[in-house]
Amino acid sequence: MAPLTHVAGEVAVPGDKSISHRALILGALGATRTRIRGILRSHDVESTAGVLRALGVNVPALAGDMNVAGRGMRGLRAPEGDVDCGNSGTTARLMAGVVAGLPVSVRFTGDQSLSRRPMGRVTVPLRAMGARVESSEGERLPMTVHGGQLHDIEFTSEVASAQVKSALLLAALVARVSATVHEPEPSRDHTERMLQARGVDVRVAGRSVSLDPVESLASIDVNVPGDPSSAAFFAALAALAQSGELVVRDACMNPTRTGFLETLRAMGGHVHIENSRVEGGEPIGDVRVTPASLRATRIDAAQVPAMIDELPLVAILAARAEGETVIGGAAELRVKESDRIAAMVQNLRAVGADAEEQPDGLIVRGSDAPLKGRVITHGDHRIAMAFGVLGALQGNEIEIDDPDCVAVSFPGFWEELRRVTA
Ligand code: S3P
C-alpha cells in the first residue's frame with residue numbers, strides 16, 4: 001500500500017490575478033494616486049505593468065505595497081514601439097479596449113501561446129464601436145488598435161468572457177460613451193465592482209451589464225485579496241490527501257469565482273469557509289479543507305464560467321474520484337493558454353489515468369491506482385500546477401516538463417507545495 005499523504009499548514013496564496021491587472025489599469029486611468037497592496041507579482045501582471053509603462057504611465061516595480069500615479073482617462077500616450085503582452089490574454093484584451101477609446105495606435109504582440117488565441121471576440125465589437133483594428137490571420141496577434149472617438153454599443157457576446165466584457169466597458173469608459181454587454185452566462189465581475197467603487201454608473205441585470213459615461217475616474221486604494229484560482233490547488237491537495245488539513249487565508253470568495261469549491265463540495269469534499277467578510281467590494285474568506293473520499297460529478301455550461309480556470313484541476317479530482325466525471329459546455333478551454341481539453345486528456349493518459357476528449361469537454365474515470373509518467377505542460381501554468389498536485393500524492397510519480405511556467409500566475413507554487421506536504 002502507498003504511504004499516506006499528510007498535509008498541514010496555512011497557505012497565503014498570492015494576490016488575485018484578475019484584480020491585480022484591473023488595479024493597475026484603473027489606477028493608470030484614475031485622477032490621482034492609487035495605492036495597491038498585495039498585488040500579484042507574476043509574469044502576467046508584469047505584462048500589464050509593462051504595457052502601461054509603454055503608454056507613459058509611471059508604474060513602479062511590482063511590490064507588496066505600491067503606488068500608481070493616475071494619468072486620468074485621457075492621459076495615456078502612444079508608445080514608441082510594439083507592446084508585448086507576453087502570455088497574458090487579460091493584458092491584450094483589456095488594454096485593446098482601453099486603447100480603442102484613445103486617439104493613439106498601438107501594436108500588441110504576445111508569446112507563442114497568446115499569438116494562437118482568438119482576438120476576434122474583442123476586435124469585432126471594438127470595430128463596431130468605431131475603432132480601426134488590424135489583426136493577423138484568423139484575428140490573432142499581432143494586432144494594431146487605432147483608437148479614437150467611439151460610439152455607444154449594445155453587444156451580445158457569444159462567449160461568457162470577462163475579458164470581452166471588460167474590454168468593452170473600458171473602451172466605453174475612456175471614450176465617454178455608453179456600453180451594454182449581454183453574456184450567455186455571467187462571467188467574473190471584478191471590473192464592474194471596481195468601476196462602481198470608483199463612481200462609475202455600472203448596472204448589472206442578470207446576464208447584462210451597462211455603463212454610462214462619466215467625466216473622470218476616482219482613484220481608490222486596492223487591497224488585492226488572495227487568488228481563488230491559486231487557492232484551488234491547495235483545496236484540491238487537502239481533499240486528496242489522507243490526513244491533516246489546509247487553510248488558505250484571505251481568498252477572494254466572489255461568487256463568480258467559487259465554482260471550484262462548490263464542485264469540490266458536490267464531489268463529497270469537506271470545505272469550510274471561515275471569517276467571511278467584505279473588503280473593498282469583494283467577499284473574502286479563509287478556506288479550510290480536510291481529506292475526503294470523492295465521487296464523480298457532471299459539469300455543464302452554466303457552471304463553467306465560475307470555475308473556468310479551475311477545470312484542469314476538476315479533471316485531476318476526477319482522476320481520484322469514484323466513477324465517471326463528465327465536463328461539458330467547456331469548449332472555451334480549447335482557447336486558453338493551451339488547448340486545455342487536449343492537454344488534460346493527453347497528460348492524464350500519459351500518467352496512466354482514464355480520460356477521453358469531447359469536443360466541448362472531457363470524460364475522466366477515477367481510480368486509486370498509482371499514476372506515473374511525464375507531463376507536457378505546453379507552457380501552461382495551470383496544467384503544471386494541476387499535475388503538481390497529483391504528483392504530490394504519495395504513490396504517484398509525475399515529472400513536469402516545464403515546472404517554471406507556474407511563474408505566470410503563482411511564482412512560489414512549488415515551494416508552497418513542498419512546505420505543506422513535508
Ligand atoms: C480573466 C477572465 C477569464 C480567465 C482569465 C482571466 C479576467 O478569461 O480565464 O484567466 O481577468 O478577466 P475569459 O474572460 O476569456 O474567459
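## Buried helices and a covered ligand

Helix H12 (residues 381–391) is mostly covered, with ten of its eleven residues buried. Buried means under 20% relative accessible area, exposed means over 50%, and partly exposed lies in between (1.4 Å probe, protein chains only). Helices (H or I, at least four residues) and strands (E, at least two) are DSSP runs, numbered from the N terminus. This is a predicted model, in which local features need pLDDT of at least 70, side-chain atom pairs count only at pLDDT 80 or more, and totals for chains, interfaces and linings use all residues. Residues are numbered from 1 along each chain as its sequence is written, and side-chain values use heavy atoms, with hydrogens and water left out.

The buried residues of H12 include His-381, Arg-382, Phe-387 and Leu-390. At the start of H12, a side-chain oxygen of Asp-380 comes within 3.0 Å of the backbone nitrogen of Arg-382.

Helix H10 (residues 311–319) is largely enclosed by the rest of the structure, because nine of its nine residues are buried. Among them are Leu-311, Pro-312, Val-314 and Ala-319.

**Around the ligand**

The ligand is surrounded by 13 residues. A residue is near a molecule if one of its heavy atoms lies within 4 Å of it. The closest are Ser-18, Arg-22, Ser-161, Asp-309 and Lys-336. By type, the shell around the ligand holds three nonpolar, four polar and six charged residues. Here Ala, Val, Leu, Ile, Met, Phe, Trp, Tyr, Cys and Pro count as nonpolar, Asp, Glu, Lys and Arg as charged, and the others, Gly among them, as polar.

| Protein atom | Ligand atom | Distance |
|---|---|---|
| Arg-22, polar side-chain atom | oxygen | 2.7 Å |
| Ala-162, polar backbone atom | oxygen | 2.9 Å |
| Lys-336, side-chain N or O atom | oxygen | 2.7 Å |

Taken alone, the ligand exposes 380 Å², and the protein buries 96% of that. These accessible areas come from the Shrake-Rupley method with a 1.4 Å probe; for residues, only the protein chains shown count as cover. Helix H1 (17–29), helix H3 (89–100) and helix H6 (162–175) each give two or more residues to the shell. H1 gives the most, with three residues. Domain 1 (6–15 + 225–420) and domain 2 (17–223) each supply at least three residues of the shell. Their bounds come from an automatic or database domain assignment.

**Two buried polar side chains**

Lys-17 is found in helix H1. Lys-17 counts as buried because its relative accessibility is 9%. A polar contact of 3.2 Å joins its side chain to that of Asp-44.

Thr-256 sits in the loop between strand S13 (243–252) and helix H9 (259–266). Thr-256 is also buried, at 14% relative accessibility. Its side chain makes a polar contact of 2.6 Å with the side chain of Asn-254. The Thr-256 side chain also reaches the backbone nitrogen of Asp-189 at 3.5 Å.

**Cysteines**

How many disulfides does the structure hold? It holds zero. A disulfide is a pair of cysteine sulfur atoms within 2.5 Å. For Cys-85, the nearest cysteine sulfur is that of Cys-405, 19 Å away. Cys-85 counts as buried, at 0% relative accessibility. Cys-405 counts as buried too, at 8%.

Key. Polar contact = N/O pair within 3.5 Å; in protein donor to acceptor, adjacent residues only side chain to side chain.
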